Amino acid sequence: MPRPIRAVIHQHNLEHNLAVIRQKIGQSKIWSVMKADGYGHGIKRIWRGLKTSDGFAVLDLHEAILLREEGWQGPILLLEGFFQRDDLSMIDQYQLTTSVHSYWQLTAIEQATLSRPISVYIKLNSGMNRLGFSVDEYADVVSQLTHMANVADVTLMSHFANSDWVEGTHAPLEKIQQFSALSLPTCIANSGAVLWHQNTHYDWVRAGIVLYGASPSGKWADIAEYGLKAAMTLQSEIIAIHEIESGQSIGYGSKFTSVKPMRIATVACGYADGYPRHAPTGTPVWCLGQRCHLLGAVSMDMLTIDISDCPNAKIGTQVELWGENLPVDDVAQSAGTIGYELLCALARRVPIDF
């Protein structure tokens, strides 16, 4: 029999979350972000649940080509653009939209032999200092690209470092709005801006983590009011139960020692499945309708939880590591990380139902 751990992808929750975002953005169009293989959910498994998107945004050519081979005929945006000159032939072949953030890319586009002009998103560095042209460079770059025969149209693109802050978009917007006279289509809103900064929605938004039912801020309480639902549930089963006395320790390094008699359960899930090894004692785990808590160190293949207050738990009882009942953000916050990381880190060995 197979090991009991599995991830379940909830297609209906993806559809629900996309509808929630539609209500938030009015007439703006949505790029549904599918980078990191759909935030760990699997592009092939989930794209149909998001097929009413206006376009898909991905990291690289592999993901874009996969979507085309799966049958998606709508727009696809390469969020980091192309990495080699030769990539432009694939952008041409698969009719992709590319971002541009460096001068060498301008030269590559101008010199390329293409069957048709391509659409370009020009990245403005509005303060994140990761990718993009500076405010002083931007107008000239726009002018260069709009006069190239290989360019069909250009869109202003930028990214917010702090869209989960109340005033996190103010300073970047001041830079972005300097180019309003250019009358370019504009795409600057990420997930946090979609939820909390309506004035950034413009023509297109890029919805990422919110589509998967997790919070841009890393805190579930910040998105609870929107009714977003988990797109992934990671679940397993109890495979052993022990009664321990006060003074007994659990797991590698004896990182937890009981101060009272306890009923504990071993669950078939560990860091080789993508569960965070650094998750401390107290990290929540869902069992029979209530939160139990992790005890001691997470092993490669197993972890231990306290079921002292869960008397009906037995070998074979299902537990949820995160998902529809236990937000991934709560687990991540306890482990000192963010939900993005846990979703993206799901190991290949974990079977996936969808």
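## Charges, surface and core of a predicted model

The protein carries 27 positive and 35 negative side chains, with 4 Å between the centres of the two sets. Bear in mind that this is a predicted model.

Here are some whole-protein numbers to go with that.

| Item | Value |
|---|---|
| C-alpha trace, span along principal axes | about 75 × 45 × 35 Å |

As for the fold, you'll find 11 helices and 18 strands. Take the contacts between residues at least 6 apart in sequence: 63% of them join residues at least 24 apart.

Now for the inside. In soluble globular proteins, nonpolar side chains tend to be buried together. Here the largest nonpolar core has 109 residues, and M34, I109, L145, Y275 and W322 have the most contacts inside it. Another core, of 6 residues, lies apart from the largest one and includes I250, F256, M262 and L295.

Which residues does I109 touch, leaving aside its neighbours within four places in sequence? They are F82, L88, V100, I118, V120, L145, M148, N150 and V151. L145 turns up again, being another of the residues with the most contacts inside the largest core.

Is T155 buried or exposed? With a relative accessible area of 5%, T155 is under the 20% cut-off, so it counts as buried. Neighbours within four places in sequence aside, T155 is in contact with V120, Y121, I122, Y138, P185, T186 and C187.

Notes:
Residues are numbered from 1 along each chain as its sequence is written. This is a predicted model: local features need pLDDT of at least 70, side-chain atom pairs count only at pLDDT 80 or more; totals for chains, interfaces and linings use all residues. Side-chain values use heavy atoms; hydrogens and water are left out. A nonpolar core is a set of buried Ala, Val, Leu, Ile, Met, Phe, Trp, Tyr and Cys residues joined through side-chain atoms within 4.5 Å. Buried means under 20% relative accessible area, exposed over 50%, partly exposed in between (1.4 Å probe, protein chains only). Contact means heavy atoms within 4.5 Å. Helices (H or I, at least four residues) and strands (E, at least two) are DSSP runs, numbered from the N terminus. Lys and Arg count as positive and Asp and Glu as negative; His and the chain ends are not counted. The place of a charge is taken as NZ of Lys, CZ of Arg, CG of Asp or CD of Glu.
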